[in-house]
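Here is my note on the structure, point by point. Please read it with the model open.

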Amino acid sequence: MSFFDITKKRSSIRAFKEREISEGEEEKLLKAANSAPSAGNLQSYEIVAIKNKELKDELVGAAHGQKFLGQAPIVFAFLQDEERSRKKYGERGKLYSTQDGTIAASYLQLAAEELGLGSCWVGAFEEGKVADLLETSKRPLALIPVGYPARKPNKNSGRRELDDLVRFIE
Ligand SMILES: Cc1cc2nc3c(=O)[nH]c(=O)nc-3n(C[C@H](O)[C@H](O)[C@H](O)COP(=O)(O)O)c2cc1C
């Protein structure tokens with residue numbers, strides 16, 4: 001698929017088949033995330049790849065009952081490593097480390113689409129609970145469940161018109 005086909009086709013998937021994803025697919029997803037740009041190339045984030053069923057079910061509880069997190073064969077948690085960026089960039093490192101982690105998560109979502117997998121960005125969760133479950137002091141930025149889609153996505157979630165979104169300065 002061309003890059004433009006991938007961006008056009010990707011939609012949030014919130015129902016997954018029981019089918020596992022292969023280690024090769026996992027590696028491709030993680031390598032895509034790892035190729036994302038980051039401030040000073042510091043990659044100020046951490047990824048936790050969760051396959052453990054009990055832990056995934058606990059994440060559902062921490063994410064206001066979003067059941068599809070428990071259905072997906074794997075959930076990638078992106079954690080912000082603010083300290084890593086702050087060492088070089090001071091206060092600005094707070095923003096940079098948020099951006100580093102979110103760009104990497106986006107790359108992983110696009111790679112999932114290329115592999116015929118589905119994913120959904122999950123941001124609605126109790127941060128403290130997720131951090132406790134993952135035994136980390138880093139801030140969880142996003143949970144990305146990935147798996148084989150069990151349903152076709154809702155057709156075209158619609159977007160703002162470019163005229164509404166973009167302001168050219170010539
Ligand atoms: C920051 C952020 C937080 C989100 N949180 C959730 C969430 O908690 N649960 C969910 O089902 N979708 C969540 N989404 C997915 C959006 O609802 C979805 O991307 C949007 O409706 C556009 O639909 P599409 O991804 O199918 O194009 C989130 C997306 C972003 C970028």
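Where is Ser97 found? Point 2 takes this up, after a word on the model.

1. Basis. This is a predicted model, in which local features need pLDDT of at least 70, side-chain atom pairs count only at pLDDT 80 or more, and totals for chains, interfaces and linings use all residues. Residues are numbered from 1 along each chain as its sequence is written, and side-chain values use heavy atoms, with hydrogens and water left out.

2. Ser97. Ser97 is found in helix H6. Helices here are DSSP runs of H or I with at least four residues, strands are runs of E with at least two, and both are numbered from the N terminus. Ser97 has 0% relative accessibility and counts as buried. The classes are buried under 20% relative accessible area, exposed over 50%, and partly exposed in between (1.4 Å probe, protein chains only). The side chains of Ser97 and Gln80 are joined by a polar contact of 3.0 Å. Such a contact is a pair of N or O atoms within 3.5 Å; within protein, one must be able to donate a hydrogen and the other to accept it, and residues adjacent in sequence count only if both atoms are side-chain atoms. Setting aside neighbours within four places in sequence, Ser97 is in contact (heavy atoms within 4.5 Å) with Ser44, Gln80, Asp81, Glu82, Ser85 and Leu141.

3. Ser38. This residue sits in the loop between helix H2 (23-34) and strand E1 (45-50). Ser38 is buried, at 17% relative accessible area. Its side chain reaches the backbone nitrogen of Leu42 at 3.3 Å. Beyond neighbours within four places in sequence, Ser38 is in contact with Gln43 and Asp100.

4. The structure holds ten salt bridges. The criterion is a side-chain nitrogen of Lys or Arg within 4 Å of a carboxyl oxygen of Asp or Glu. One of them pairs Glu113 with Lys9, with the closest N and O atoms 2.9 Å apart. Glu113 lies in helix H6 (residues 92-114) and Lys9 in helix H1 (residues 3-9), so the pair ties together parts that are 104 residues apart in sequence. Glu113 is buried at 8% relative accessible area, whereas Lys9 is partly exposed at 48%.

5. Salt bridge within a helix. Asp57 and Lys53 form a salt bridge, their closest N and O atoms being 3.1 Å apart. The two are four residues apart in helix H3 (residues 53-62), which means a separation of about one helical turn. Asp57 is partly exposed at 39% relative accessible area, and Lys53 is partly exposed at 43%.

6. Network. Glu82, Arg86 and Glu91 are linked in a network of salt bridges. Within it, the side chains of Glu91 and Arg86 meet at 3.4 Å, N to O. Glu91 counts as exposed, at 55% relative accessibility. Arg86 is partly exposed, at 27% relative accessible area.

7. Ligand. Of the 13 residues around the ligand (a heavy atom within 4 Å), Ser12, Arg14, Gln66, Trp121 and Arg159 come nearest. A polar side-chain atom of Arg14 lies 2.6 Å from a ligand oxygen atom. For Arg10, the distance from a polar side-chain atom to an oxygen atom of the ligand is 3.0 Å. Gln66 places a polar side-chain atom 2.7 Å from a nitrogen atom of the ligand. The protein covers 60% of the 620 Å² of accessible area (Shrake-Rupley method, 1.4 Å probe) that the ligand has on its own.
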